Amino acid sequence: KGHEVQKKLEQENTSKADVFMFSGCRDDQTSADAVIDNEATGAMSHCLIKAYNALESESGASPNYTSVLKRMREELVKGKYSQVPQMSCGRLLDMGNEFLM
C-alpha cells in the first residue's frame, strides 16, 4: 500500500502537505556565509528572520509568503549580496497565505 501511495505522489508530482522551501540562491549561484553582529550565519537565513520580523512589526500581523520573499531579496541587495533567494512548494499553493514558522 505504501509503495502505491509513493508511486502515485511521484506521478502527480505533488505533496498532500503544505510544504514551502526557501533556498539561499538560484541554481547558478552560491549562497553566501556571513558574519553579522559577530555571529556566523547564512546571509539568506539572516535576511529571512530580519524580513519576517520587520514585516510583522510594520503590520502587527504575520506577513504572507510573497512579502517575506520580496523583503528578503531587498535585504540581501542592501547587504550587497548578489544571491537571489528562491521559494518552491510541494504543490500549487496560495502565496498570499500567512507565513508560518
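Reader: Is Glu58 buried or exposed?
Author: Glu58 counts as exposed, because its relative accessibility is 55% (exposed is over 50%, buried under 20%, partly exposed in between, with a 1.4 Å probe and protein chains only). This is a predicted model, where local features need pLDDT of at least 70, side-chain atom pairs count only at pLDDT 80 or more, and totals for chains, interfaces and linings use all residues. Residues are numbered from 1 along each chain as its sequence is written, and side-chain values use heavy atoms, with hydrogens and water left out.

Reader: OK, what does Glu58 form a salt bridge with?
Author: With Arg71, the closest N and O atoms being 2.9 Å apart (a salt bridge is a side-chain nitrogen of Lys or Arg within 4 Å of a carboxyl oxygen of Asp or Glu). Glu58 lies in helix H2 and Arg71 in helix H3, so the pair ties together parts 13 residues apart in sequence (helices are DSSP runs of H or I with at least four residues, strands are E runs of at least two, numbered from the N terminus).

Reader: And Arg71, buried or exposed?
Author: Buried, with a relative accessible area of 16%. Arg71 also forms a salt bridge with Glu74, closest N and O atoms 3.7 Å apart.

Reader: Where do Arg71 and Glu74 lie?
Author: Both are in helix H3, three residues apart, about one turn of the helix.

Reader: New topic: which residues are linked in a network of salt bridges?
Author: Lys50, Glu75 and Lys78.

Reader: How many salt bridges does the count come to?
Author: Five by this rule.
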